[in-house]
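Subject: The structure, with notes on its side chains

Hello,

Here is the structure for you to look through.

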Amino acid sequence: MTGDRPSRRRVIAMVFGAALMPRSAMAQNKAVPRDHGPRSVELVRYDGAEPPGTILISNAERVLLRVLGEGRAERYRISVGREGFTWVGTTYVGRKEEWPGWRPPAEMRQRDGSLPDYVPPGPYNPLGARALYLYSGGSDTLYRIHGTNSSGTLGGYETSGCFRLSNADVLELFGKVAIGTKVIVR
């Protein structure tokens with residue numbers, strides 16, 4: 001019977017551990033996202049000339065379309081660059097990462113000295129669950145299509161130029177997009 005005691009103690013500690021946690025630790029624990037956010041994807045009519053697989057991003061409408069062909073596309077709700085940080089152009093997916101780490105670019109760290117050198121993957125990483133790295137001419141543009149752990153910010157002008165989806169949406173999109181996929185930003 002004495003062999004059971006450590007196990008019972010562990011169970012009691014697990015059950016009552018939250019009650020013994022300092023308030024600051026409990027507050028931090030509540031801040032961790034408990035789900036991947038809403039799914040916004042919907043099928044829409046597409047009358048353009050781009051081939052299936054192409055990604056079209058509208059800064060003005062704050063949507064991302066993935067062309068399916070036969071007059072259809074998937075539409076996702078996104079956040080785009082805030083004033084002074086929107087951009088347009090044609091690029092392509094040069095790299096994909098599951099649970100990416102994040103290194104804020106030097107320009108971003110100059111604007112905000114409180115940013116760390118590196119944020120590891122996880123619930124506090126601003127790139128969320130997946131990231132599609134946008135390239136041009138063989139070079140990383142430093143712009144991304146990525147998830148977010150703060151899905152309440154979706155649909156706005158929130159980013160420093162990246163395109164942000166809910167983690168639920170980026171998890172779905174990630175599996176459908178190949179390296180080399182053309183991305184047109186308007």
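Below is what turned up around one arginine and among the aromatic rings.

Before anything else, please keep in mind that this is a predicted model.

Let's begin with Arg77. You will find Arg77 in strand E4, which covers residues 72–77. Is Arg77 buried, partly exposed or exposed? With a relative accessible area of 40%, Arg77 is partly exposed. Its contacts, leaving aside residues up to four places away in sequence, are Ser40, Arg62, Leu154, Gly155, Arg164, Leu165 and Asp169. Two of these deserve a click. For Gly155, the C-alpha atom is separated from that of Arg77 by 6.0 Å, although the two residues are 78 apart along the chain. For Leu154, the backbone oxygen is reached by the side chain of Arg77 at 2.7 Å.

Now to the aromatic rings. How many aromatic pairs are there, taking ring centres within 6.5 Å as the rule? The count comes to three. One of the pairs is Trp87 with Tyr143: the ring centres are 4.6 Å apart and the planes are at 25 degrees, so this pair is stacked. Trp87 sits in the loop between strand E5 (80–81) and strand E6 (89–98), while Tyr143 belongs to strand E8 (residues 139–146), so the pair ties together parts that are 56 residues apart in sequence. Trp87 is buried, at a relative accessible area of 15%, whereas Tyr143 is partly exposed at 24%.

Tyr92 and Tyr135 make another pair, with ring centres 6.2 Å apart and planes at 40 degrees, so this one is tilted. This pair too links distant parts of the chain, with Tyr92 in strand E6 and Tyr135 in strand E7 (residues 130–136), 43 residues apart. Here Tyr92 counts as partly exposed at 28% relative accessibility, and Tyr135 counts as buried at 15%.

Arg95 lies over the face of Tyr133, at 3.9 Å from the ring centre. Arg130 lies over the face of Phe174, at 5.6 Å from the ring centre.

Best wishes

Terms used:
Residues are numbered from 1 along each chain as its sequence is written. This is a predicted model: local features need pLDDT of at least 70, side-chain atom pairs count only at pLDDT 80 or more; totals for chains, interfaces and linings use all residues. Side-chain values use heavy atoms; hydrogens and water are left out. Helices (H or I, at least four residues) and strands (E, at least two) are DSSP runs, numbered from the N terminus. Buried means under 20% relative accessible area, exposed over 50%, partly exposed in between (1.4 Å probe, protein chains only). Contact means heavy atoms within 4.5 Å. A polar contact is a pair of N or O atoms within 3.5 Å; within protein, one must be able to donate a hydrogen and the other to accept it, and residues adjacent in sequence count only if both atoms are side-chain atoms. Rings of Phe, Tyr and Trp (its six-membered ring) pair if their centres lie within 6.5 Å; planes under 30 degrees apart count as stacked, over 60 as edge-to-face and the rest as tilted. A charge sits over a ring if NZ of Lys or CZ of Arg is within 6 Å of the ring centre and within 35 degrees of the ring normal.
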